[in-house]
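Please look through the notes below with the model open beside them. They are grouped by region and can be taken one point at a time.

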Amino acid sequence: MNTPLDNESEDLRYAEYVLGVLDADARAAVEREIASDPHAAAEVARWQRHLLPLAEDVPAKAPPEYLWARIQNEVGAGKSPQRTAASATRVGWWNSLSLWRGFAFGAAAVAVACIIALIVMPRASFTPRAAPPIAYMASAIAQNDGQVGWTATMDLQHARMVVVPAKPQAIPTGRAPELWLIPAGQKPIAVGMIAANAPTMIALPPALVARLGPTAALAVSVEPPGGSPTGQPTGPVIGKGSIGAAVPNVSGKPVALVLPDRSAHSAT
Amino acid sequence: MLQTPMNQSATDEREVLARLLRQSGGQDERAFAELYRRTSSKLFGVCLRMLRERGEAEDALQNVYLSVWRRAVSFDPARAGAMTWLITLTRNQCIDRLRRHRETSLDEIVADNLVDPMPGPAAHGEAGEERQRLEHCLDTLAEQQKAAVRAAFFSGATYNELAERCGVPLATMKSWIRRSLIRLRTCLEHFN
């Protein structure tokens, strides 16, 4: 293992640390040095100045929008200790992508349809006297064959939506499903591109949240991968679903999630 | 004539980022949002390049910005630029993840070619001054050693993994990279 260079260039470990070639133990050792020894910290800073310009070669890539929603939630959860335990739990399960993945792949389409039937309340519940504020809404997006293609759960308080594929029909190669919100008697409003094989989280702008309700519907159309070029659906509409309130259970989670949530708990 | 305004705007951008980073450390939510808007694409690119898996890259980026929120107060503009600080944080987050999941990611890394496929912007004269200087110094290395340094930087792989990937003994890989680092140091510090 030892080469003559080992002795000749003791300080190279700071360069090796910045370059990223050290194993976990050696990295930890350098990090301890940085924390306690100003010389080590200065050497590491010097090598950062030397080597980090290489990062200019890495192409930038915009992260998905839901990531910012996740970060904001974490940041918010961390800085307001007066938050109730219930809302902290809510942030936790909502952000668990593995839970949503489990929901997507674990639940059979039939089960999803049953669950949605349970949680989507009749429209009569949307009377002005519906006392507790509605925290969640849900929609089962049915396809032409009657099968549920996607389920959408909307978290109004945090202005976000998770769209989970149940049994979506095959999308032609080079095309992608796009989700639309259709307020009654109005033109569709683009919500975002959704995946056919994984849950998609979408941050909702306030104007969109304001239009969610029992008179609006969600629809999915087949579009170019970057979305409709016109701002209106250009491809065939393959799914449609009305929007209803999701009834929270005692723990504050929509009952639609009781099943997958339990399985997620037992899995972890 | 063109040089001056471009350098000016680069300096402005550096100052704006440093201010936003300091304010984020002071729990200023608007500054934090603006910092995210300006820097997240670059940092996500770094995560994707190093981790090669979207879900992992998203989780890494989330942790990076949580660290920014909690630790930006320790950012010292006298020591490093804001972007250097952010990229370092991102690289460290990715390398730590790679070390934790080394067994699973090694197969993917092995499949990857040693020579980085991307032609750097330095080759096109669009890079910053520091990047161009580094490219000049990298050009003084033997082709194989330059490739090893680039592969190490972009993959975050250990000496062992790099040696395995190139099919050379560990001592050879260490020697390539250490000699390269010594040459780079000499070359880069000659400029200052």
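1. A:A41 is buried, having a relative accessible area of 12%; buried stands for under 20% relative accessible area, exposed for over 50% and partly exposed for what lies in between, with a 1.4 Å probe and protein chains only. The residue A:A41 belongs to helix α4 of chain A. Helices are DSSP runs of H or I with at least four residues, strands are runs of E with at least two, and both are numbered from the N terminus.

2. On the source: this is a predicted model, in which local features need pLDDT of at least 70 and side-chain atom pairs count only at pLDDT 80 or more, while totals for chains, interfaces and linings use all residues. Residues are numbered from 1 along each chain as its sequence is written, chains are lettered from A and ligands numbered from 1 in the order in which they are written, and side-chain values use heavy atoms, with hydrogens and water left out.

3. Surroundings of A:A41. With neighbours within four places in sequence set aside, A:A41 is in contact with A:I34 and B:R79, where contact means heavy atoms within 4.5 Å. Between the C-alpha atoms of A:A41 and A:V30 there are 9.2 Å, and the two residues are 11 apart along the chain.

4. Two packed helices are described by the angle between their axes and the distance between the axes. For helix α3 (residues 24–36) and helix α4 (residues 38–51), both of chain A, the angle is about 115 degrees and the axes are 5 Å apart. That makes α3(A) roughly perpendicular to α4(A). Axes here are lines fitted to C-alpha atoms, for helices over the stretch in contact, and angles run from 0 to 180 degrees between N-to-C directions. Angles under 35 degrees count as roughly parallel, over 145 as roughly antiparallel, 65 to 115 as roughly perpendicular, and the rest as oblique.

5. Handedness and residues of that pair. α3(A) and α4(A) have a left-handed crossing, the term for a near helix turned anticlockwise from the far one by less than a right angle, with clockwise giving right-handed. From α3(A) the contact uses A:V30, A:E33, A:I34 and A:S36, and from α4(A) it uses A:P38, A:A40, A:A41 and A:V44. Six of the residues in this contact of α3(A) with α4(A) are nonpolar, one is polar and one is charged. In this scheme Ala, Val, Leu, Ile, Met, Phe, Trp, Tyr, Cys and Pro count as nonpolar, Asp, Glu, Lys and Arg as charged, and the others, Gly among them, as polar.

6. From chain A to chain B. How do α4(A) and helix α9 (residues 170–191) of chain B cross? Their axes come within 11 Å and cross at roughly 85 degrees. α4(A) and α9(B) are therefore roughly perpendicular to each other. α4(A) contributes A:R46, A:W47, A:H50 and A:L51, and α9(B) contributes B:L181, B:L184, B:R185, B:L188 and B:E189. The contact of α4(A) with α9(B) has five nonpolar, one polar and three charged residues.

7. α9(B) within its own chain. Helix α7 (residues 143–155) of chain B packs with α9(B) at about 95 degrees, the axes being 9 Å apart. α7(B) and α9(B) are therefore roughly perpendicular to each other. On the α7(B) side are B:Q144, B:Q145, B:A148, B:V149 and B:A152, which meet B:M173, B:W176, B:I177, B:S180 and B:L184 in α9(B). By class the contact of α7(B) with α9(B) has seven nonpolar, three polar and no charged residues.

8. Two backbone points to check in chain B. B:Q27, in the loop between α1 (3–25) and α2 (29–51), has phi near 65 degrees, a positive value in a residue other than glycine. B:Q27 is partly exposed at 38% relative accessibility. B:R52 sits in the loop between α2 and α3 (54–71) of chain B; its phi is positive, about 60 degrees, although B:R52 is not a glycine. At 34% relative accessibility, B:R52 also counts as partly exposed.

9. Whole chains. Chain A has 10 helices and nine strands, and 49% of its 268 residues are buried. Chain B has nine helices and zero strands, with 52% of its 192 residues buried.
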